[in-house]
Amino acid sequence: MAPHALTVDSKGSSSSASFNEQQQFLDEHLSNPFGSTAHPELIKGTIYTSPLTIVNQTIYSISSKIFSYSSVGIDNLLDSNIDNWNNTFDRVNSFGIKPFYNKFEVRSGASNAILGYFKKNGTNGQPLSIISGSNALTYMRPTLSSSTNTSGDSPSLPLAFNVSAIDFDFNSDSLVSNYSAPLNIARSLGYSIFTPLDFNNGVEIQHTTLLNHYLVSLIGQPSLNLFDGPNFIKYYSKFSNLLSVEELGTLYQSLLNKSDQIPTNLDEAIDIAFQNLNALTGENYSQFEYIGDANADTVLISYGTFETTQLSNLIKKSGIKSIGLVKIRVPVPFNQQKFIATLPKSTKKIIILDQKVNDENTNGTGLISDITSTLFLNGLYHNLKIEEFNYPLNFEWTPITISKILVNFVDSLSEDDILSSSIETRFVDGPLTANSSPVGKYLLWGKDNGILVKTADKLALSLSLDDSKVVSIRNKFDTSSNGGIFQSQIISSENAISGGETIDSADLIILEDLSILNSYDVLATSKPESTILLINSVGKIDDVNEFVEKKLPVDFKVSLVKNQNKLVIIDLTILKELDELNQSTKGFSEEFLIQLAFWRSTLPDLKSFIVNKLLQANGNGFELLAVVLDKFIQIIDENNGLKSIEVSPEWASLEVAPVDEEKKDQDGDEILDEDIEEPVVLPFFPVETSFFPNPREGVVDSENVENNLIGYKELATKFTFAEAYGVKKELRPDLPVKNFVVKVQENKRLTPQEYSRNIFHIEFDIGDSGLTYDIGEALGIHGRNNEEDVDQFLEFYNLDGDALIETNNKDDAKILEIKSVKQILLDNLDFLGKPGKKFYESLSSFATNEKEKEHLLKLSSAEGLEELKKRQEVDFDTYVDILTEFKSARPSFEELIKIINPLKRREYSIASSQKIHTRAIHLLIVVVDWVDSRGRIRYGQCSKYLSDLKIGQELVVSVKPSVMKLPKLTTQPIIMSGLGTGLAPFKAFIEEKIWQLEQGFEIGEIYLYLGSRHKKEEYLYGELWEAYKEAGILTHIGAAFSRDQPQKIYIQDKIRESIEDLTDAVCAKQGSFYLCGPTWPVPDITACLEDIIRNGAKKEGKVVKDVAKIVEDMKEEGRYILEVY
């Protein structure tokens, strides 16, 4: 056996506990909700399954040898079906044999074992099937490259790769489909790629997998069947006309029998493969396919199964004229003649949709280069308008986002034109039966360990029993938010055309817990007049009006009114009473109640057939008399288990009025309070961080987490028997980022002591911490509260600072942390920060004085909005101020730490290059200070913390990436504009340029523009800039000191003074323009850049019609970069 092969027992067992654990996870969370597939032969005709299962069945049917690699997410993710068929059930394939199956880990030299096996055993010309994720190809590439002879006389290497695009995107912390990596690797190795075009066409998925296998046998060289990642794995729906194992084998053998032509090159081989497959199946497959208006003037070009399917479906449903879509099935090799032949002759504009991995990878999949070069070589480049839409790995393809893309590029279109054909019918026409299902789109939002995880699958199963409908389900887990969030998307439609799409306009939403609203804007994806089912599981509802007033967040109520939603409460607090009255349903009552609410909302005319639905959802093995469920429903109605809530139009007035921005002088005279909370725009769609919920040793109720005072004996026991108790030491485990300890090596004030603004330069010694950073990045400071303030609070609240608290980690409730009370106050609690409305509401429950309780409740309601605004923005009340004022509200410290916000990480632009300062990191900071309405001097928490640090003191930091990057060519000019401490990254830029010079590189011009009030007090790093200018490194310094002369001079004035030089730098030499500092100068600086562009066009004798578009293009290209705050 190969040295890195995973042992797979012939009976499917494994000696590895982790393997069993993984298989259990797979069985529970990746199993088909419509029924498992124990035999590949069962996958035929019409069946509910997943696209990945179809790929697995096709591979198994026609392969004699299968090698599989572990994937992102979990080892058995991509081959669990094959593993079961081969090892657990001993199933044979179309050749009557059980394929040889082996599994490997992904590591350096990952393909060595396969090549070694091939060299030793050979395959008699039969392709060897490989299943892997896109990440495995990166590790295989060096070995495969050495086995590939580009001269064309390579030895036979018949490897049929079946590659899932599954990957983990660290920029968005989510599971994604990454097509870029496999495309670029295959292109460099000279391998071909096939990709299915229709996500909902199971037969095409089978044919594509088989076609790839056939091509490998035809040419004796590797080829890739590259398919979608997360959606292929987690999407389940109805697929029709699927070929059986025997039929796949017959088709493959027929293809082999037709292989009498000998191709002379790869393009010809692909043509032959398509011709033979089409002749046998009656299909018309080709490298490219076109749909849309035959005389379209605007043509989109897309690649990738999921995105292409969504684009195609929307164009078909909307019937838009003048729009067409070219779908790429074979991106590599890119057949230029076939592509040109696919384009309508009426084409005037081409829009290329291309996946972009990150800011560093400007080439994306490489398809833009293929397409543009094809157009150029065929004489079409200058006759067409070519535009690009680069989308990130985590882009959400929904009807609304696609319509926005189309509207952005096609002036004649509106979103209403495109979306008018979306599903409207929710109820069934004709007589109802026990199997009748509605047409609609449904979203279920819950906790990742909550009741909805199972309920979603059961509802989908029950919906699917209506043979006239096509039902699909797609479950997602976000394990990083709110302790773990689950979302299920269920679509029931008349046909498969809507299947697989991301729902952005749901007919019904079930919400398990209001806390989810803190992480996602759930109602943003509800259709107008749709129904919201809100589950209440905590606190009996004696008074509906009181529940609505106290429990429902204001923003939630406002959104309900705006969207004209209906609201129904599923009251799970009646379950105890329900089970006492009806013992037979005990253990199922919770699910039944939710399912009852679903059916009554989606199909109200179902009536007595609802009993059938409840029985259907639990499968054939469930035994319960219908009369028992009838009684169950009767008891629910008698106890008002489903409460319809009137959505009052008056709720619209509860909306918090936007705070008026104070008029700002361009010098920035206003007080800048770094603690003012910016409004957070919540995402609409779940960030899929995992295929599974957070692992738990038991259910932890995040709403009722206990923080316990523990004694020294208990602590000593836990430390003594650390392994038994799972105790370990970690640096700030409460923080969700990689942290480092650094030491202050310099802290120097740059402005005079008598000057009102304290701006200082601080340096940290990195030491051996392992911290690395790039220019333009930011340093996150995990500040601490002042020790004197902490001691005062300990005295005020009568606390023992040395007492120990065992508390749950705020990001992972199953992790317990042990800290002293003083340590919590120093490192964790922002007790001198500004309380939000939620704090007043939470504190009210602890008030024993009735007047104080009423006052606190008022402050948390719409009635107290004006007073709350004054407390936050005029008086700057702190948590301590509120606790001092409302003396009867005294929660225990264990309770208090639940309702006070944690200290936030503050981020500052790094002012150094690590290439110059290898063991240090520099910052430039202004201390934020102001006087509140009580005459107290107040400070920004983190800037004051940093200014007080002494040389030698340690602190915890982390690094945050940034968009502030230098141009790719060292000779491209850079134009830097910074106000105040916004100069920090430009010091790093110039240091990087100095390093480039030292390495022998030629560098382009460097222009620096800066703005402040007075040269004497605020010429930050002035001596440094002048020295760089004298040394010939800085080309020009444009310093604007607004108050050093009668008339005010601002940074934009200095930029315009050198517009001729800047025109040459930006327009002729493709320089990059940067702005860092406060937001107010953005319009003025942008106007300067627009003038530079106009001046450049004028010099060339051209007229720029849409200069704003050019500026936006510069932003997209990374040539106009804003880092403003």
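This is a predicted model: local features need pLDDT of at least 70, side-chain atom pairs count only at pLDDT 80 or more; totals for chains, interfaces and linings use all residues.

Reply: Start with helix 2, residues 51-62, and its contact with helix 3, residues 80-88. The two axes come within 9 Å and cross at roughly 45°. Angles under 35 degrees would count as roughly parallel, and 65 to 115 as roughly perpendicular. Helix 2 and helix 3 are therefore oblique to each other. Their crossing is right-handed. On the helix 2 side, the contact uses Thr 53, Asn 56, Gln 57, Ile 59 and Tyr 60. Helix 3 answers with Ser 80, Asn 81, Ile 82, Trp 85 and Asn 86. By class, this contact has four nonpolar and six polar residues, with no charged ones.

Now the other partner, helix 7, which spans residues 202-219. The axes of helix 2 and helix 7 come within 9 Å and cross at roughly 40°. That angle makes helix 2 oblique to helix 7. The crossing is right-handed. Helix 2 brings Pro 51, Ile 54, Val 55, Gln 57, Thr 58, Ile 59 and Ile 62. Helix 7 brings Gly 202, Ile 205, Gln 206, Thr 209, Leu 210 and His 213. These residues divide into seven nonpolar and six polar, with no charged ones.

Follow the chain on from helix 3. The loop between helix 3 and strand 4 (100-104) holds Asp 90. Its phi is near 50°, a positive value in a residue other than glycine.

Further along, check the backbone at Pro 333. A cis peptide bond joins Val 332 and Pro 333, with omega about -5°. Pro 333 sits in the loop between strand 14 (323-328) and helix 12 (336-342).

Finally, look at the second largest pocket. About 1000 Å³ of space lies in it. Its lining has 40 residues, and Arg 784, Asn 785, Asn 786, Asp 789 and Leu 832 lie nearest the centre. Helix 25 (787-796) is one of the elements that supply at least two lining residues each. Others include helix 26 (821-827), helix 30 (879-885) and strand 34 (954-960). Helix 25 gives the most, with five residues. By class, the pocket lining has 15 nonpolar, nine polar and 16 charged residues.

Definitions and conventions: Residues are numbered from 1 along each chain as its sequence is written. Side-chain values use heavy atoms; hydrogens and water are left out. On a 1 Å grid over the protein atoms alone, a cavity is a set of points where a 1.4 Å probe fits but cannot get out, and a pocket is an open set with protein on both sides within 12 Å along at least five of seven lines; lining residues have an atom within 4 Å of a point. Grid points are joined across faces, edges and corners, and a volume is the space filled by probe spheres set on the points. Helices (H or I, at least four residues) and strands (E, at least two) are DSSP runs, numbered from the N terminus. Ala, Val, Leu, Ile, Met, Phe, Trp, Tyr, Cys and Pro count as nonpolar, Asp, Glu, Lys and Arg as charged, and the others, Gly among them, as polar. Axes are lines fitted to C-alpha atoms, for helices over the stretch in contact, and angles run from 0 to 180 degrees between N-to-C directions. Angles under 35 degrees count as roughly parallel, over 145 as roughly antiparallel, 65 to 115 as roughly perpendicular and the rest as oblique. A crossing is left-handed if the near helix is turned anticlockwise from the far one by less than a right angle, and right-handed if clockwise. Contact means heavy atoms within 4.5 Å.
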